[in-house]
Amino acid sequence: MAVPGTPIDAPPPGIARLRRHEWLSVLSRAVRTRRGTVGLSLMALVVAIAVVGPFIAPNSPTEFVTAPFSGPAPGTPLGGDALGRDVLSRVLAGGWLILLMAAAATLFGVGAGAAAGISAAYLRGWADALIMRSVDVVLAFPSLVFALLLVSIIGPKLWLIVLAVGFSHAPQVARVLRSSTLDISERDFVKAVELQGVKPRLIMAREILPSLITPLTVEAGLRLTYSIIIVAGLSFLGFGQPPPAPNWGLMINENRIGLQLNPWGVVVPAALIAVLTIGTNTFSDAVARVALGVGRQAEEITPLEGHVLVAPR
Amino acid sequence: MVTVDARATGAGRGRRGHPIGRLVVSRLGGGVITLIIVSIVVFAATQILPGNAAYAVLGHNATPARLHALELQLGLNRSAAAQYAAWIGGLLTGKAGNSLANGQPVWALVAPRLVNSAVLVALSGLAGALIGVLLGAIAALRKDSLFDYVLSVVSLAVTALPEFVVAISLVILFATVVFQVLPAVSVLPPGTWAWQQPELLVLPIATLVIVVVPYIFRMMRAAMIEALESEYVEMARLKGLPAWRVLLVHALPNAVPPTVQVIGLNLLYLAGGIVVVEYVFDFPGIGQGLVNAVSNRDIPVIQLIVVILAAFYVFMNILTDVVALLATPRRRIAR
């Protein structure tokens with residue numbers, strides 16, 4: 001905090017602030033890198049299948065149209081699943097909810113993490129201690145275990161899974177945002193507003209948050225991949241959508257006993273999940289590289305340390 | 001970059017003890033506090049919050065008499081603090097109550113699973129670290145070669161894959177559709193241990209190794225490139241030292257600390273990663289135990305396994321920090 005009476009170089013309004021729409025230029029530059037193009041194309045492919053799929057599925061995803069685990073035949077090009085339902089139709093209908101839940105969990109996790117990280121760094125003192133101790137506690141649970149713990153209490157509700165996955169992302173986001181905020185809150189434009197007597201809440205929302213959109217965008221990209229992995233993983237374990245709903249994660253589990261008879265019921269949903277996560281990861285990697293100014297030569301060691309490649313989930 | 005010198009290290013040993021010793025003590029203290037809070041959260045969430053755990057277990061059709069009996073068994077009629085004290089005391093003395101699913105003592109159910117999982121994590125961590133460090137070092141030495149390029153692209157792709165997709169792909173490739181050379185499931189007969197049937201461990205370990213290697217590889221490659229381009233390696237080369245000596249004595253030790261940290265974090269990840277992998281292969285470890293317990297709402301088992309995983313997480317984190325610190329010569333010097 002600036003001590004009243006301390007001389008401070010009053011910044012000309014609007015100039016000392018960080019560029020507000022930096023994140024848009026980061027995104028558009030990322031799209032134009034090779035990694036960005038590849039990643040976005042893969043993502044777009046799977047998103048298109050998941051979104052358009054339910055409308056063009058030839059059969060009802062829950063109707064029994066063929067023999068269990070029958071191979072590809074006219075009318076059922078990918079064969080039948082464990083109960084004789086059309087694999088192609090179930091694949092087409094089984095992706096949108098995973099995407100929606102992963103996106104919602106990411107938004108919630110990044111939002112909650114940003115709020116916690118910015119408050120901790122800006123308010124300091126007991127608020128900082130309390131928030132960072134809570135962060136340590138949540139970090140002591142592996143994400144999937146945290147979600148399983150909540151599911152075991154309340155039951156496999158979809159909204160609960162979204163909240164649990166988002167909540168398990170929040171600590172990592174909070175840590176990154178806390179260190180960015182510590183840096184930002186020492187800048188002159190923040191000091192200047194403080195001297196005008198603006199409330200801390202408003203300074204955080206109007207001055208600090210807008211300056212941190214770029215790191216937030218980077219975090220959101222990384223978290224999206226992990227959200228998809230955990231949401232699909234919970235479905236695979238049987239704690240997502242209940243049967244008979246078509247769901248890529250659940251399909252892999254239902255059909256794996258018949259791998260020898262009709263592998264398509266496992267291979268196609270697994271491949272779609274793989275292409276999707278590779279796409280989001282490659283794209284978010286491109287965004288992170290552009291945002292953090294990582295060139296091709298200097299590999300990802302210092303600026304990205306603790307940020308991008310530390311550990312899975 | 002300074003190497004350790006005896007005088008500077010000695011300066012750290014003052015009346016307040018060695019800086020590393022102080023760090024270990026303060027981190028351990030923090031870890032214990034975190035764990036106590038974790039245990040309270042787990043306990044409160046599973047036993048007290050949802051109204052009544054007995055109701056959750058028995059469901060809507062429970063008779064009042066059965067509800068009452070289970071409440072007594074779980075000790076739900078006592079105060080929250082007394083329940084917590086009894087529970088945590090039981091955990092620490094090996095009497096964590098009985099499973100609600102089959103009535104057996106929880107520790108007796110979990111202990112053999114813990115051993116199996118420990119074997120899985122240790123072997124996967126060791127293999128993953130060796131392969132990751134080796135590939136990373138080779139890629140750094142052959143920077144911008146085809147080998148380096150292919151490995152970097154593959155590692156970026158693999159880091160994105162969910163474990164169950166990797167596991168299922170391995171099952172398709174090696175156990176069912178393409179080749180049938182390995183068992184698709186790793187079911188152990190009761191009373192046998194994981195190491196008695198090594199062929200059952202191959203696919204679960206391979207899955208975990210595939211998931212962790214890219215991270216270790218990328219960090220090792222980056223750290224090694226930085227070390228190789230540094231002035232002290234340049235200096236060693238100019239002095240005319242043999243290439244192997246430059247590599248092993250000058251470059252490698254400085255590439256190790258950041259890599260050690262990433263290896264530690266990946267061991268941490270394995271604590272969560274085993275949940276899905278053990279489930280896919282029906283491997284009788286605590287991960288599969290947790291999934292089964294969640295399906296059965298077997299609360300005492302869930303509590304114990306979650307606390308074990310959290311304890312591993314917290315202490316592994318501390319160990320990683322300390323080892324990384326010990327491996328960094330210039331950080332051993334007191335400020």
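## Helix packing in chain B

In chain B, helix α11 (residues 243-281) packs against helix α12 (residues 286-296) at an angle of about 80°, and their axes are 7 Å apart. Angles of 65 to 115 degrees count as roughly perpendicular, so α11(B) is roughly perpendicular to α12(B). These values come from a predicted model.

Four residues of α11(B) make the contact: B:Ile274, B:Val275, B:Glu278 and B:Tyr279. Their partners in α12(B) are B:Ile286, B:Gly287, B:Gln288, B:Leu290 and B:Val291. By type, the residues of this contact are six nonpolar, two polar and one charged.

## The interface of chains A and B

The interface brings 57 residues of chain B into contact with 53 residues of chain A. Between them the two chains bury about 4,800 Å². Carbon and sulfur atoms account for 72% of that area.

One salt bridge is counted between chain B and chain A. It joins the side chains of A:Asp285 and B:Arg218, at 3.4 Å from N to O.

## What chain B brings to the interface

Several helices of chain B each supply at least two residues of the side that touches chain A. They are α2 (19-48), α7 (146-159), α8 (163-175), α9 (198-228), α11, α12 and α13 (299-327). The most comes from α11(B), with 11 residues. The side of chain B that touches chain A divides into 42 nonpolar, nine polar and six charged residues.

## A:Asp285 and its salt bridge within chain A

Over all chains, the count comes to 13 salt bridges. A:Asp285 forms one of them with A:Arg35. The closest N and O atoms of this pair are 2.6 Å apart. A:Asp285 sits in helix α12 (residues 264-291) of chain A, while A:Arg35 sits in helix α2 (residues 34-56) of chain A, so the pair ties together parts 250 residues apart in sequence. A:Asp285 also meets B:Arg218 in a salt bridge.

## Helix packing in chain A

Helix α1 (residues 22-32) of chain A packs against α2(A) at an angle of about 90°. Their axes are 4 Å apart. That angle makes α1(A) roughly perpendicular to α2(A).

From α1(A), the contact uses A:Ala30, A:Val31 and A:Arg32. From α2(A), it uses A:Arg34, A:Gly36, A:Thr37 and A:Leu40. The residues of this contact divide into three nonpolar, two polar and two charged.

## Backbone points to check in the loops

In chain A, the peptide bond from A:Pro243 to A:Pro244 is cis, and omega is near 10°. A:Pro244 belongs to the loop between α10 (213-237) and α11 (248-255) of chain A.

In chain B, B:Asp144 has a positive phi of about 70°, although this residue is not a glycine. B:Asp144 falls in the loop between α6 (106-141) and α7 of chain B.

Definitions and conventions: Residues are numbered from 1 along each chain as its sequence is written. Chains are lettered from A and ligands numbered from 1 in the order in which they are written. Side-chain values use heavy atoms; hydrogens and water are left out. Axes are lines fitted to C-alpha atoms, for helices over the stretch in contact, and angles run from 0 to 180 degrees between N-to-C directions. Angles under 35 degrees count as roughly parallel, over 145 as roughly antiparallel, 65 to 115 as roughly perpendicular and the rest as oblique. Contact means heavy atoms within 4.5 Å. Ala, Val, Leu, Ile, Met, Phe, Trp, Tyr, Cys and Pro count as nonpolar, Asp, Glu, Lys and Arg as charged, and the others, Gly among them, as polar. Buried area is the accessible area (1.4 Å probe) that two parts lose on being put together, summed over both. A salt bridge is a side-chain nitrogen of Lys or Arg within 4 Å of a carboxyl oxygen of Asp or Glu.
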